[in-house]
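Visitor: Could you walk me through this one, a few questions at a time?
Guide: Gladly! Let's have a look together.

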Amino acid sequence: MQYTATYRSPLGGITLSSDGEHLCGLWFDGGKYFAATLAAEHRPRELPVFEETRQWLDQYFQGGVPGFTPPLAPSGSPFRLAVWDILLQIPRGQTATYGELAAALARAQGRERMSAQAVGGAVGHNPISLIIPCHRVVGRDGSLTGYAGGIAKKAALLALEGVEMGGLFLPKRGTAL
């Protein structure tokens, strides 16, 4: 059985999911892959993992660096899990490109190279947004691409983290931030 709870963030509603012990999903309501890994059979329930996640989110949205991570259990292929592990290594206030992630994954797997597009697909399907920081990934040209929660939210999250926004821009319009 999976369980759900909600959180009201400064950027809108967030839905959380759990297997009862671990955080399995964290999505901005209405996002592109909203609840993609949530089982059809689920029900609202308050759990310790949801309280811990809310504490993490409170600290994060207040500009702090949470000193803990709720227990996570994202569901995905071994490839996606490997990409999400690399996302966890991107420090707050910094960004990485899809190409940099692909190179890091190739090194970790002892391969010569890895497709940045394949990595981008895994990044986009991250089921635990914010805590697994897919919003910190940008295009090699500085474009803010690929955030299932929406580009405006991605820009707001990066600004909250103190990322230097001068070299970043919105993709289709090419508008500098």
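Guide: One term before we start: a residue is buried when its relative accessible area is under 20%, and exposed when that area is over 50%. Please keep in mind that this is a predicted model.

Visitor: Is tryptophan 56 buried or exposed?
Guide: The cut-off for buried is under 20%. Tryptophan 56 has a relative accessible area of 7%. Tryptophan 56 is therefore buried.

Visitor: What kind of aromatic pair do tryptophan 56 and tyrosine 60 make?
Guide: The structure holds four aromatic pairs. In this one, the ring centres of tryptophan 56 and tyrosine 60 are 5.4 Å apart, with the planes at 10 degrees. Planes under 30 degrees apart count as stacked. So the pair of tryptophan 56 and tyrosine 60 is stacked.

Visitor: And which kind do tyrosine 60 and phenylalanine 61 make?
Guide: Tyrosine 60 is buried, at a relative accessible area of 1%. Its ring centre lies 5.3 Å from that of phenylalanine 61, and the two planes meet at 80 degrees. An angle over 60 degrees counts as edge-to-face, so the pair of tyrosine 60 and phenylalanine 61 is edge-to-face.

Visitor: Which residue of strand 2 is the bridge partner of threonine 6?
Guide: Strand 1 (residues 2–9) pairs with strand 2 in the antiparallel sense, over seven bridges. The two strands form a hairpin, with two residues between them. Within strand 2, the partner of threonine 6 is threonine 15.

Technical notes. Residues numbered from 1 in each chain as written. Predicted model: local features only at pLDDT ≥ 70, side-chain atom pairs only at ≥ 80, totals over all residues. Heavy atoms only, no water. Pairing = 2+ DSSP bridges. Helix = DSSP H or I, 4+ residues; strand = E, 2+ residues; numbered from the N terminus. Phe/Tyr/Trp six-rings, centres within 6.5 Å; stacked < 30°, edge-to-face > 60°. Buried < 20%, exposed > 50% of the residue type's maximum accessible area, 1.4 Å probe, protein only.
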